[in-house]
Amino acid sequence: MARLPDGAKIPFGYERELGMDLLEKRMPLCYPVPHGWQSVRVLCRSGQAALSCLLHLVARRALPDDGSSLKPLKLLHAGRYFETDSLLDLWPRQVFELTGPEEPQVDVLVGEPVHCDGQFGLSDPSSLPGVRRALLLDTTLTGPVLDLPAWLARVEGSFAAVFRSGLKLDQAGLELANAGIVQLFVREGAGSSAVAEGEKLKEIRALTGSGLTLDEMAALSAPWFLDPGYFNQYTRRVFANNAALAHAIGTDSALFESRCHPSLISSAAVAPFCAIRLRCGDASDHARLLHRVEAEIDRRRLKLDKGGSFGFRSDRYELIEPDPKAGRPFLRVALGYRGGPNRDGIIDLFHELSALPSLA
């Protein structure tokens, strides 16, 4: 028996089969359970591990009872996250057949309510195909902000899951340990239960080594992890800070493109960073933008850390340089939880840059 920092004991023999019930059973769940559905939580090693395990589960659930071969499942990715595209591309086409939004129905829909590929976009579930077998929603960018009933209305079958990286917005900006958070939804009366499907997902997690380690379990035993009230409080500030930056840049800048944040598309949309891209410019122009920003940070004595990812307590920036075939560069500026003069100074900096006719 291993003892966690909060005093709870957990059976520990073989790490790949480490149980995570102490965290998974924390209540209430992240998203309210609509009438007619059952729900459970399952934790994985990361957001990508969560999606990988879910895809295994979806393929397993689709196996015919008579032992015949699995027919290809039509899958639509309604989003832009490049690692999701790469992960889906690994699967053989006789398992998942990737398709476009023109299909009236698909077997599997992997959706991102808010997505970004250098500029932000929103997914409208009412305009997407019906879902015969499984809906998988990635809420890494939106955290607790989700119109779940609108998405479940697309599901003609009995299975859905909401998953996200648990490092970005769930840990008070402290980066305690990587994690992936899954909330399964199973329609009542469908011949299975959320608990049963959760056990199948945990079996896949163990077989693929996709679970948390004991060290990660210990770090995440902090009492506010998976607390919906704290989750909402923390993300509300992060979202508001980044929306303030976006509105200071605006949509009519001669220098920057107009969709640097989803709140500029819809007042209800949220995201934990801004994607700032030049209207005209290649990789070298964006490198010049980076140098200009860094010079202004030093001149104005601002605290803006150069570092990846988003959703943390402090403010960060990073130049994203995708493969030229995948898109153009952009500057990701992720304001964190803190407010005050430093946040205001960063907003002033980009507001002034947005008013320039060019970088010259």
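Predicted model: local features only at pLDDT ≥ 70, side-chain atom pairs only at ≥ 80, totals over all residues.

Visitor: What is the strand order of the open sheet, and which strands stand at its edges?

Guide: The open sheet has seven strands in the order E3-E11-E10-E9-E6-E4-E5, with mixed pairing. Strand E3 (37-44) and strand E5 (96-98) are the edges because each has a single partner strand, so one side of each lacks a neighbour in the sheet. From one strand to the next, the twist averages 25 degrees.

Visitor: How do you know that E4 and E6 are paired?

Guide: Pairing takes at least two bridges between two strands. Strand E4 (residues 73-78) and strand E6 (residues 105-111) are joined by four, and they run parallel. Therefore they count as a pair. Within it, Leu76 of E4 faces Leu109 in E6. Helix H3 (residues 82-90) packs on the sheet, where it touches E4, E5, E6 and strand E9 (130-138).

Visitor: What makes E10 largely enclosed by the rest of the structure?

Guide: A residue is called buried under 20% relative accessible area. Seven of the seven residues of E10 are buried, so the strand is largely enclosed. One side carries Phe159, Ala161, Phe163 and Ser165, the other Ala160, Val162 and Arg164, and both faces are covered.

Visitor: Why is one space called a pocket and another a cavity?

Guide: A pocket is an open set of points, whereas a cavity is a place where a 1.4 Å probe fits but cannot get out. The largest pocket holds about 870 Å³ of space. Of its 32 lining residues, Tyr81, Phe82, Glu83, Cys116 and Arg332 lie nearest the centre. The lining divides into 13 nonpolar, nine polar and ten charged residues.

Visitor: And how many cavities of 30 Å³ or more are there?

Guide: The count comes to one. The volume of the largest cavity is about 30 Å³, and its lining is Asp170, Trp224, Leu226, Asp227, Tyr230 and Phe231.

Visitor: What makes two of those lining residues charged?

Guide: Asp counts as charged, and Asp170 and Asp227 are in the lining. Therefore the classes come out as four nonpolar, no polar and two charged.

How values were computed:
Residues numbered from 1 in each chain as written. Heavy atoms only, no water. 1 Å grid on protein atoms, 1.4 Å probe; cavity = no way out; pocket = protein on both sides within 12 Å on 5 of 7 lines; lining within 4 Å. Points joined across faces, edges and corners; volume = space filled by probe spheres on them. Helix = DSSP H or I, 4+ residues; strand = E, 2+ residues; numbered from the N terminus. Axes fitted to C-alpha atoms, helices over the stretch in contact; angles between N-to-C directions. Contact = heavy atoms within 4.5 Å. Buried < 20%, exposed > 50% of the residue type's maximum accessible area, 1.4 Å probe, protein only.
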